[in-house]
Amino acid sequence: MAKQRPVSEFFDTTDYPPSRMIQVNSCGSEHPNSHDFTILRSHGRSDYHILYLACGYLDAEIGTQKVRIESGQCGVWYPGVRHMYTFTTEGDATTYYLHFTGAAVDEAMRFIAPASPPVYTITERTAFECLFRQILRTHLVKSDNFILEENALLMQIISILAQSSNPAKPAIRKDILHAMEHMKSHLSEDFSVEQYAASVNLSSSRFSHLFTKTVGISPHQYLTRLRLEWAKTYLRDSTMSITEISDTVGFSDPLYFSRLFSKTYGLSPKAYRDNSRRKYQFKFLANMDISAYLNLHIVQIKYAFFGY
């Protein structure tokens with residue numbers, strides 16, 4: 001086995017603050033085979049980082065979670081989350097990586113279903129790898145004339161990642177859809193499967209089975225996911241305390257809420273708020289209707305797995 005170098009902090013030169021609504025800070029491909037080595041960023045980066053395994057495997061840490069990322073899988077590191085991953089001769093990994101940031105990116109990344117740890121098996125590998133090769137070539141040009149193309153490629157990569165995190169579901173029954181809407185509009189209330197099932201003339205076991213079959217997760221898991229996603233919004237956009245947010249989204253115990261949030265996203269509510277509230281000035285691309293451009297890609301992502 002090749003000798004592994006001592007682990008030391010990785011020195012970043014591309015962790016730029018956002019100056020555009022969609023911004024690729026760096027991207028590339030790696031296939032080190034002469035020695036084993038580890039990349040460590042104890043405090044993460046201020047941008048998003050995705051690492052895709054085209055072949056082989058590597059062992060990684062996303063925050064405090066340890067995971068092996070294998071061929072065809074993609075790991076996601078959110079801003080401020082600790083990075084560590086190790087290339088070994090045994091793993092023989094070939095990777096593609098992307099670091100990116102921006103307000104529109106924040107919106108697009110919300111369509112990726114939470115996972116613990118955030119590692120996803122890509123359903124469209126050929127297209128995904130092709131997009132990576134294209135964005136690598138485009139990024140090397142480093143010309144304003146190619147910014148729009150680079151942004152479009154990034155949004156397509158995020159779209160495939162989001163679809164991979166949300167496998168195709170059957171058409172949603174009206175009673176299940178109504179239950180989902182009820183949960184969204186009554187986040188702070190307890191949801192009783194028994195009571196709701198009775199209101200649509202179903203047994204609780206039948207309702208739970210239909211909900212899970214249609215949505216892919218149980219009613220309780222779906223409600224928990226909704227609550228955590230809304231908690232992220234409140235943490236980012238409001239001045240409410242963490243205890244107030246916990247109560248607003250339906251968690252009576254703020255300590256339990258904090259533990260669950262940390263387990264799901266790899267950082268605490270306070271750390272998420274601190275990272276999300278960094279104040280940067282955004283500038284728009286010259287001679288471009290940026291709003292229409294961004295809306296187009298957000299709509300494409302929504303349509304991919306919601307059908308509207």
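Buried means a relative accessible area under 20%, exposed means over 50%, and partly exposed lies in between (1.4 Å probe, protein chains only).

## Basis and cysteines

This is a predicted model, in which local features need pLDDT of at least 70 and side-chain atom pairs count only at pLDDT 80 or more, while totals for chains, interfaces and linings use all residues. Residues are numbered from 1 along each chain as its sequence is written, and side-chain values use heavy atoms, with hydrogens and water left out.

Cys27 is buried, at a relative accessible area of 14%. Cys130 is partly exposed, at 32%. A search of the whole structure for disulfides (cysteine sulfur atoms within 2.5 Å) finds 0.

## Helix H2

Helices (H or I, at least four residues) and strands (E, at least two) are DSSP runs numbered from the N terminus. Helix H2 covers residues 125-141, 17 residues in all. Just after H2, Lys142 takes a positive phi of about 50 degrees.

The buried residues of H2 are Phe128, Glu129, Leu131, Phe132, Ile135, Leu136, Thr138 and His139. They pack (contact means heavy atoms within 4.5 Å) against strands E1 (23-30), E3 (48-55), E6 (73-77) and E8 (94-101), and against helix H3 (147-165).

Strands pair if DSSP finds at least two bridges between them. An open sheet of 4 strands runs in the order E2-E7-E4-E5 with antiparallel pairing. Its edge strands, E2 (37-41) and E5 (65-70), each pair on one side only.

Within the sheet, E4 (residues 57-62) and E7 (residues 83-87) are joined by 4 bridges in the antiparallel sense. Asp59 stands opposite Thr86 of E7.

## Aromatic pairs

Rings of Phe, Tyr and Trp (its six-membered ring) pair if their centres lie within 6.5 Å; planes under 30 degrees apart count as stacked, over 60 as edge-to-face and the rest as tilted. The count by this rule is 20 aromatic pairs. Tyr85 and Phe87 have ring centres 6.1 Å apart and planes at 75 degrees, so the pair is edge-to-face. Tyr85 is buried at 2% relative accessible area, and Phe87 is buried at 1%.

Tyr196 and Phe207 form a tilted pair, with 5.5 Å between centres and 50 degrees between planes. Tyr196 lies in helix H5 (residues 193-199) and Phe207 in helix H6 (residues 204-215), so the pair ties together parts 11 residues apart in sequence. Both Tyr196 and Phe207 are buried. One aromatic cluster is formed by Phe251, Tyr256, Phe257, Phe261, Tyr265 and Tyr272.

Key: Expected span 1.5 Å × (residues − 1).
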